[in-house]
Amino acid sequence: MAIQGAVQGEGRAPRMSHMASANEGAADIIAMVSGAVQRGKREDDGANLTNNEGIPFPDPAHSKTVGGIPVASDVFLFQKQQHFNRSKQLERMVRPCGSGAFGYFECTKDVTSLTKANFLSSVGEKTPMFIRFSTVTPGREFPDEARNPRGFAIKLYTTEGNYDIVGLNFPIFFCRDPIQGPDVIRSQYRNPKNFLFDYDGVFDLLACTPEDNHAGLMFFSDHGTPKGWRFNHGYGCHTFKWVNAEGRFVYIKYHFIAKHDQK
């Protein structure tokens, strides 16, 4: 009976479907935020807590005990502790710390001569989107104003599928050859001996690869310490290929100009 109750979940009153649901992905959330899908009431499907073999926990909040003392035969207790002891939360190698917001992209000019993309098909067309701003190498323990390039990622939820754009607040990058990419990132990492930023690594990179110096100058200018997310211009890292209805194509780069200027 206890196992059956755990599988079915405890009975709960209906609640308003909202962004906090663990069963909703980003597309579901933005559909509700943008008004494309109306929020409604639904039954809350309680979580099914299982062990590594998929067996439901008889009671995920209490150990098996004899006289209040946990017993060694409680495999659920041991497996849960083993999982916890051996787990480690790792940050992403780049852009581990950032913040973002939902909003919409509005097409303000007719570009149908260049592309047949639906979200750019007519003036006034609004497309729900999510944007995340971030530093590149500092982790969660560093402030947002640390000297570093600022990156951003945009996800447009178009009627033809998700459209992703990634960029920097620098119009140029440190390198062109992808084999140098890890060198650029590691040059801005902390010294493993003392866990402090080691600018010797940055200057070694700039000295050994002269093509990096344009971005290096921007790194040590005010571009490296912008006033905030609102005061950043953005430049897409990739070149995109637009194709119009006649099959003709052009190569384009995305430039996002801050309404409040760059500071």
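Analyst: The largest nonpolar core has 15 residues, a core being buried Ala, Val, Leu, Ile, Met, Phe, Trp, Tyr and Cys joined through side-chain atoms within 4.5 Å. Leu 120, Ile 154, Leu 156, Ile 165, Trp 242 and Tyr 254 touch the most other members. The largest share, 3 residues, comes from β7. Nonpolar side chains tend to be buried together in soluble globular proteins.

Before going on, a word on how to read this. The model is predicted, with local features needing pLDDT of at least 70 and side-chain atom pairs pLDDT 80 or more, while totals for chains, interfaces and linings use all residues. Numbering runs from 1 along each chain as its sequence is written, and side-chain values use heavy atoms, without hydrogens and water.

Now pick one core member, Leu 120. Leaving aside neighbours within four places in sequence, Leu 120 is in contact (heavy atoms within 4.5 Å) with Phe 105, Cys 107, Val 111, Thr 112, Thr 115 and Trp 242. One of these partners, Trp 242, is also among the core members that touch the most others.

There is a second, separate core of 11 residues, and its members include Phe 174, Val 184, Leu 205 and Ala 215.

Some residues from this picture turn up again around open space. The largest pocket holds about 1,100 Å³ of space. (On a 1 Å grid, a pocket is an open set of points for a 1.4 Å probe with protein on both sides within 12 Å along at least five of seven lines, and lining residues have an atom within 4 Å of a point.) Of its 38 lining residues, Phe 105, Ile 154, His 255, Phe 256 and Ile 257 are the closest to the centre. β5 gives the most, with 6 residues.The second largest pocket holds about 450 Å³ of space. Its lining has 23 residues, and Leu 168, Phe 173, Phe 174, Cys 175 and Cys 237 are the closest to its centre. Phe 174 also belongs to the second core. β8, α4 (181-187) and β9 (234-236) each give two or more residues to this lining, and the largest share, 3 residues, comes from α4.

Stepping back, the protein has 6 helices and 12 strands, which are DSSP runs (H or I, at least four residues; E, at least two). Buried residues (under 20% relative accessible area, 1.4 Å probe) make up 31% of its 263 residues. Of the contacts with a separation of 6 or more, 58% are between residues 24 or more positions apart.

Finally, the confidence. The average pLDDT, the predictor's confidence from 0 to 100, is 80, and 82% of the residues score at least 70. Over residues 1-23 the pLDDT is below 50, and this stretch has 36 contacts in the model beyond near neighbours in sequence. Residues 41-46 also have a pLDDT below 50, with 12 such contacts.

Definitions and conventions
Buried means under 20% relative accessible area, exposed over 50%, partly exposed in between (1.4 Å probe, protein chains only). Grid points are joined across faces, edges and corners, and a volume is the space filled by probe spheres set on the points.
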